[in-house]
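This report describes one part of a protein model. Please look at the sequence and structure below before reading on.

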Amino acid sequence: MTNRWMSASLLATALLVSACQFPAFDNSPPRPKTTTTPIAPTATRPPPEARGVWLVGSPALRGAVQSAAAKFDGGPDAKPRLTAGGTAAGFRAFCAGVGLDHPDIVASDRPISPTERKACQTKGVTLTAYSLGPKQILYVKDANMVAVPGVRPFVESWSLPGQPVSDALTGS
């Protein structure tokens with residue numbers, strides 16, 4: 001009788017083990033590998049009637065930007081507006097291209113990274129940096145300063161010297 005119990009016990013164990021899905025015995029078809037795709041610019045474009053001077057970037061610079069905007073009297077068509085979605089998201093939107101569909105200025109709490117600078121160069125974006133203080137840098141798109149109404153007067157209202165991005169101030 002002991003042999004029967006032993007045989008039954010071994011059979012039950014074998015059935016239980018065979019029911020388990022061990023990775024080495026997985027006969028299912030291979031799963032496709034997922035790849036990460038670059039995140040598209042996240043800044044929401046303001047409606048045309050409310051565009052003004054379009055800034056994106058760090059919420060940490062909201063106070064400095066609002067102070068500069070309050071001193072600037074460029075009229076309702078040139079009112080500065082900040083979309084504070086973060087520095088990295090700001091650079092993605094800023095470096096995506098030139099013109100009215102893209103932000104004019106990025107407010108950054110750090111220097112532009114080499115990767116962000118390369119993304120800007122790839123899209124033909126040249127920029128100038130304006131330092132408001134430690135960890136407070138505004139990068140202005142050179143083409144938009146010329147082409148978008150209100151950008152140049154807003155930048156000139158800061159009374160700060162700008163430096164091309166290739167200079168040491170930007171960390172690139």
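## A buried aspartate

In this predicted model, a polar atom of the aspartate 104 side chain lies 2.8 Å from the backbone nitrogen of tryptophan 54. Aspartate 104 is found in the loop between helix H3 (87–94) and strand S3.

Is aspartate 104 buried or exposed? Its relative accessible area is 0%, so aspartate 104 counts as buried, the cut-off being under 20%.

## Contacts of aspartate 104

Leaving aside neighbours within four places in sequence, the residues in contact with aspartate 104 include Arg51, Gly52, Val53 and Trp54.

Which strands pair with S5? One is S3 (residues 105–108), which runs antiparallel to S5 and is joined to it by four bridges. Within this pairing, alanine 107 has leucine 138 as its bridge partner. The other is S4 (residues 127–133), also antiparallel to S5, with six bridges between the two. Here glycine 133 has glutamine 136 as its bridge partner.

## The S4–S5 turn

S4 and S5 form a hairpin, with two residues between the strands. In the turn, lysine 135 has a positive phi of about 60°.

Technical notes
Residues numbered from 1 in each chain as written. Predicted model: local features only at pLDDT ≥ 70, side-chain atom pairs only at ≥ 80, totals over all residues. Heavy atoms only, no water. Pairing = 2+ DSSP bridges. Buried < 20%, exposed > 50% of the residue type's maximum accessible area, 1.4 Å probe, protein only. Polar contact = N/O pair within 3.5 Å; in protein donor to acceptor, adjacent residues only side chain to side chain. Contact = heavy atoms within 4.5 Å.
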